[in-house]
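Dear colleague,

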Amino acid sequence: MNTQQKLEILADAAKYDASCASSGATRAGNGKGVGHTDGTGICHSYTPDGRCVSLLKILLTNFCTYDCVFCVNRASSDIRRARFTVEEVVSLTLDFYKRNYIEGLFLSSGIIQSPDYTMEQLIQVARSLRLTHHFGGYIHVKAIPGCSGSLIETAGLYADRLSANIELPTQQDLVQLAPEKRSVVIETTMHQIHSRKTEMDEDRRRIRSTPKFAPAGQSTQMVVGATDTTDHEIIHRAASLYSSYRLRRIYYTGFSPYPQADRRLPLAATPLVREHRLYQADWLLRYYGFQAGEITTPDAPDLDLSVDPKTLWARRHPEAFPIDVNAAPRETLLRVPGLGYRNVDRILAIRRYHRLTLEDLRRLRVSVKSISPWIVTADYLPHPSLPPQQPPLQQLSLNLEADPGTISSTLDGQL
Ligand code: SF4
């Protein structure tokens, strides 16, 4: 099998892993090697569903000794298999980078022999790119759960981002669909990344020559909809992962069925709108000061697919509205449906000089029609009998791997 044939198989096998983003790190080129993670010349392309493919996103191999039911690469799956050598991945990355096809590498792998062996192979690729070829572009390496802590420590020296996939929201889900995986093992790997990064960042504050460890932090991916775990459990799980391991992102991937799938799996794909609502809920946790318990409740454990979670919260709490945009503190303004955090900051800056009117909000490109039932401005008071308006169903094609800035501005405008 030649490299091109391997690339077809292993790039296709990697497309199910959404846990990569090409941003969040700055690595300036030193003039001797090739590439850097910011600046011009970066070529982005997007698949029809909005996913960015500007990274060379591949598996080292799709052979896997594990048999996770939801995964096409599982041991029992009847698919074409391939395995790259370390040199092949290095040369493909450099070749694509120089042609400006990619801005970096996202490298994952099926588990071969053992977690340690697999992790060593991934590290060899990153090490060769950084040390032998002085590659300054972005590298995202999958951390194989269960590998030794010393390998994680080494990987973080070469990779911009590490990610250990949580795979499924709960331990029960793993027992059901990925029996060889355990939450505690995955979280131990996350903990190792987090504690090593904290340690190295502290050292770096004192001694500038301390090398950076995974400067773009860690992320994870969670497949949703493969079991009947509720959004309530998913959001609580996400909140706990964010607070325990300072994750930069959690990527939610709706389960999509494949031919001759195991009977334990659902027949229908998870609606894209559910993925979208989970991302909105995730944004509320991280940027809008919401607690997990405010987004869903045990009585209504799933997100409403017809309305965004912030609007739903507002409808459940009419006593909190209307909110005076000229007087309310930041945390209160963040609760207004249709008002993103960037616009909240703009409002806070503008109101130091004059009292805002509806026209000022229009100039900030806020949808006055959506926001007006929830606010008071210098020239407007909502009619007490007006019911909160139903916002239009949001556009669903999110660019899940774009810069956080791009994604945040997309979601920012929608929340
Ligand atoms: S370990 Fe990863 S690649 Fe292997 S079957 Fe499970 S999810 Fe798929």
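This is a predicted model: local features need pLDDT of at least 70, side-chain atom pairs count only at pLDDT 80 or more; totals for chains, interfaces and linings use all residues.

On one side of the pairing pattern is strand β1 (residues 55-59), which runs parallel to β2 and is joined to it by five bridges. Within this pairing, Lys 57 has Phe 106 of β2 as its bridge partner. Between β1 and β2 the chain passes through helix α2 (residues 86-98), and this β-α-β crossover is right-handed.

Strand β3 (residues 138-142) also pairs with β2 in the parallel sense, here over four bridges. Leu 107 has Val 141 of β3 as its bridge partner. A right-handed β-α-β unit is formed by β2, helix α3 (residues 115-132) and β3.

The loop between β2 and α3 holds Gln 113. The phi of Gln 113 is near 65°, a positive value in a residue other than glycine. Gln 113 is exposed, because its relative accessible area is 63% and the cut-off for exposure is over 50%.

**The ligand and its surroundings**

Which residues surround the ligand? They are Cys 64, Tyr 66, Cys 68, Cys 71, Arg 74, Gly 110, Ile 111, Glu 167 and Lys 181. By class, this shell comprises five nonpolar, one polar and three charged residues.

Two members of the shell may be described further. Cys 68 has a relative accessibility of 8% and therefore counts as buried, the limit being under 20%. Glu 167 lies in the loop between β4 (161-163) and α5 (171-177). Although Glu 167 is not a glycine, its phi is positive, at about 70°. With a relative accessibility of 11%, Glu 167 likewise counts as buried.

On the subject of cysteines, Cys 147 is buried, with a relative accessible area of 4%. The count of disulfides comes to zero, where a disulfide would require a pair of cysteine sulfur atoms within 2.5 Å.

**Helix α12 and other local features**

Helix α12 covers residues 341-350, and Tyr 341, Asn 343, Val 344 and Ile 347 are buried in it. Seen down the axis of α12, these buried residues fall within an arc of 155°, so they line one face of the helix. As a general point, an α-helix has 3.6 residues a turn, so residues three or four places apart point the same way.

A cis peptide bond joins Phe 321 and Pro 322, with omega at about 0°. Pro 322 is placed in the loop between α10 (309-316) and β7 (323-324).

Finally, Ile 375 is found in strand β8 (residues 375-376). Ile 375 is buried, with a relative accessible area of 0%. Ile 375 and Pro 337 are 38 residues apart in sequence, and their C-alpha atoms are 9.6 Å apart in space.

With kind regards

Technical notes: Residues are numbered from 1 along each chain as its sequence is written. Side-chain values use heavy atoms; hydrogens and water are left out. Buried means under 20% relative accessible area, exposed over 50%, partly exposed in between (1.4 Å probe, protein chains only). Helices (H or I, at least four residues) and strands (E, at least two) are DSSP runs, numbered from the N terminus. The arc is that of the directions from the helix axis to the C-beta atoms. A residue is near a molecule or strand if one of its heavy atoms lies within 4 Å of it. Ala, Val, Leu, Ile, Met, Phe, Trp, Tyr, Cys and Pro count as nonpolar, Asp, Glu, Lys and Arg as charged, and the others, Gly among them, as polar. Two strands pair if DSSP finds at least two bridges between them. A crossover is right-handed if, with the strands pointing away from the viewer, the path from the first strand over the helix to the second runs clockwise.
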